[in-house]
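Here are my notes on the model you sent over.

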Amino acid sequence: MGDDAQQRATLLRVAGLDGPPVGGGCCALSPEDLVLDELDSWPGLLTLELDPDAGTVSVLVSDEQDLAHALEALADRGFPARVADEDSLR
């Protein structure tokens with residue numbers, strides 16, 4: 001990731017974090033695991049904290065385009081997300 005001056009902490013609201021496991025049997029995954037796996041796959045993002053009860057994930061963003069693509073990918077996986085307050089963690 002880039003230099004600290006270019007990184008920004010961002011709070012995301014993610015629908016469905018408190019939902020039931022996805023899949024069945026031994027292959028069922030929690031919504032938290034699915035969301036973390038997706039967010040961690042984007043090189044411009046670093047997950048800081050996930051709170052399923054509040055439906056929030058805080059991430060460190062160094063690439064706005066990666067954030068936009070990650071939000072689209074989360075929605076495609078059934079977890080619509082939006083930026084809650086871009087300055088909330090600064």
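The points below go from the whole chain to its strands, its helices and a few single residues.

1. **What we are looking at.** This is a predicted model, in which local features need pLDDT of at least 70 and side-chain atom pairs count only at pLDDT 80 or more, while totals for chains, interfaces and linings use all residues. Residues are numbered from 1 along each chain as its sequence is written, and side-chain values use heavy atoms, with hydrogens and water left out.

2. **The overall layout.** The protein chain has two helices and four strands, and along the sequence they follow the pattern β-α-β-β-α-β. Helices (H or I, at least four residues) and strands (E, at least two) are DSSP runs, numbered from the N terminus.

3. **Burial and surface.** Of the 90 residues in the protein chain, 34% are buried. Buried here means under 20% relative accessible area, exposed means over 50%, and partly exposed lies in between (1.4 Å probe, protein chains only). The accessible surface of the chain comes to about 5,100 Å², and 48% of that belongs to carbon and sulfur atoms. These areas come from the Shrake-Rupley method with a 1.4 Å probe; for residues, only the protein chains shown count as cover.

4. Among contacts in the chain with a separation of 6 or more, 61% are between residues 24 or more positions apart. A contact means heavy atoms within 4.5 Å.

5. **Strand 3, covered on both sides.** Six of the six residues of strand 3 (residues 56-61) are buried. T56, S58 and L60 point one way, V57, V59 and V61 point the other way, and all are buried.

6. **The partners of strand 3.** Which strands pair with strand 3? Strand 1 (residues 8-14) pairs with strand 3 in the antiparallel sense over six bridges, and strand 2 (residues 45-51) also runs antiparallel to strand 3, joined by six bridges. Two strands count as paired if DSSP finds at least two bridges between them. Strand 1 is largely enclosed by the rest of the structure, because six of its seven residues are buried.

7. **The hairpin.** Four residues lie between strand 2 and strand 3 in their hairpin, where G55 takes a positive phi near 70°.

8. **Helix 1 and its buried face.** The buried residues of helix 1 (residues 31-40) are P31, L34, V35, E38 and L39. Seen down the axis, they fall within an arc of 125°, so they line one face of the helix. The arc is that of the directions from the helix axis to the C-beta atoms. These buried residues pack against strand 1, strand 2, strand 3 and helix 2.

9. **E38, a residue to look at.** Leaving aside neighbours within four places in sequence, E38 is in contact with A73, L74 and R77.

10. **Helix 2 and its two sides.** The buried residues of helix 2 are D66, L67, A70, L71, A73 and L74. They cover an arc of only 165° around the axis, which puts them on the same side of helix 2. On the other side, Q65 and D76 are exposed. The 13 residues of helix 2 (residues 64-76) should span 18 Å at 1.5 Å a residue, and the end C-alpha atoms are 19 Å apart, which agrees. The expected span is 1.5 Å times one less than the number of residues.

11. **The ends of helix 2.** At the start, a side-chain oxygen of D63 reaches to within 2.8 Å of the backbone nitrogen of Q65. Just after the helix, G78 takes a positive phi of about 95°.

12. **T47 in strand 2.** T47 is found in strand 2 and is buried, with a relative accessible area of 17%. The side chains of T47 and D40 are joined by a polar contact of 3.0 Å. A polar contact is a pair of N or O atoms within 3.5 Å; within protein, one must be able to donate a hydrogen and the other to accept it, and residues adjacent in sequence count only if both atoms are side-chain atoms. Beyond neighbours within four places in sequence, the contacts of T47 are L36, L39, D40, V57, S58 and V59.
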